[in-house]
Amino acid sequence: MDRLEKIYEEFGVMMNEDRIYEDETVSYEDICRGLGVDPSALDGLLLRELGYTGEQLIEEYRRSGR
């Protein structure tokens with residue numbers, strides 16, 4: 001597993017277990033900075049895997065209240 005895949009998994013944990021999206025002050029860029037990844041790099045993987053950019057995914061989670 002490469003570094004970006006590990007970051008993708010960490011992002012999933014932050015979203016699904018930690019529910020970081022519930023904090024309206026946290027942006028996708030903040031999350032990426034904390035993970036040590038360029039937002040566009042993670043966006044590419046998220047688009048391939050889920051069909052959303054990181055920002056779109058966070059907004060979807062906030063809208064749906066997952």
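This is a predicted model: local features need pLDDT of at least 70, side-chain atom pairs count only at pLDDT 80 or more; totals for chains, interfaces and linings use all residues.
Visitor: How do you know that the span of helix 1 agrees with its number of residues?

Guide: At 1.5 Å a residue, the 14 residues of helix 1 should span 20 Å, and because its end C-alpha atoms are 20 Å apart, the two values agree. At the start of this helix, a side-chain oxygen of D2 comes to within 3.3 Å of the backbone nitrogen of L4, which is called a polar contact because the cut-off for such a pair is 3.5 Å.

Visitor: Which residues of helix 1 are buried, and what puts them on the same side of the helix?

Guide: The residues I7, F11, M14 and M15 are buried in helix 1, and because they cover an arc of only 90 degrees around the axis, they lie on the same side of helix 1. What covers the buried residues of helix 1 includes helix 2, helix 3 (39-50) and helix 4 (54-64).

Visitor: Why is helix 3 called oblique to helix 4?

Guide: The axes of helix 3 and helix 4 come within 8 Å and cross at roughly 60 degrees. That angle makes helix 3 oblique to helix 4, because angles under 35 degrees count as roughly parallel and 65 to 115 as roughly perpendicular. Where these helices meet, D43, L46 and L50 in helix 3 are in contact with G54, E55 and L57 in helix 4.

Methods
Residues are numbered from 1 along each chain as its sequence is written. Side-chain values use heavy atoms; hydrogens and water are left out. Helices (H or I, at least four residues) and strands (E, at least two) are DSSP runs, numbered from the N terminus. The expected span of a helix is 1.5 Å times one less than its number of residues. Buried means under 20% relative accessible area, exposed over 50%, partly exposed in between (1.4 Å probe, protein chains only). The arc is that of the directions from the helix axis to the C-beta atoms. Contact means heavy atoms within 4.5 Å. A polar contact is a pair of N or O atoms within 3.5 Å; within protein, one must be able to donate a hydrogen and the other to accept it, and residues adjacent in sequence count only if both atoms are side-chain atoms. Axes are lines fitted to C-alpha atoms, for helices over the stretch in contact, and angles run from 0 to 180 degrees between N-to-C directions. Angles under 35 degrees count as roughly parallel, over 145 as roughly antiparallel, 65 to 115 as roughly perpendicular and the rest as oblique.
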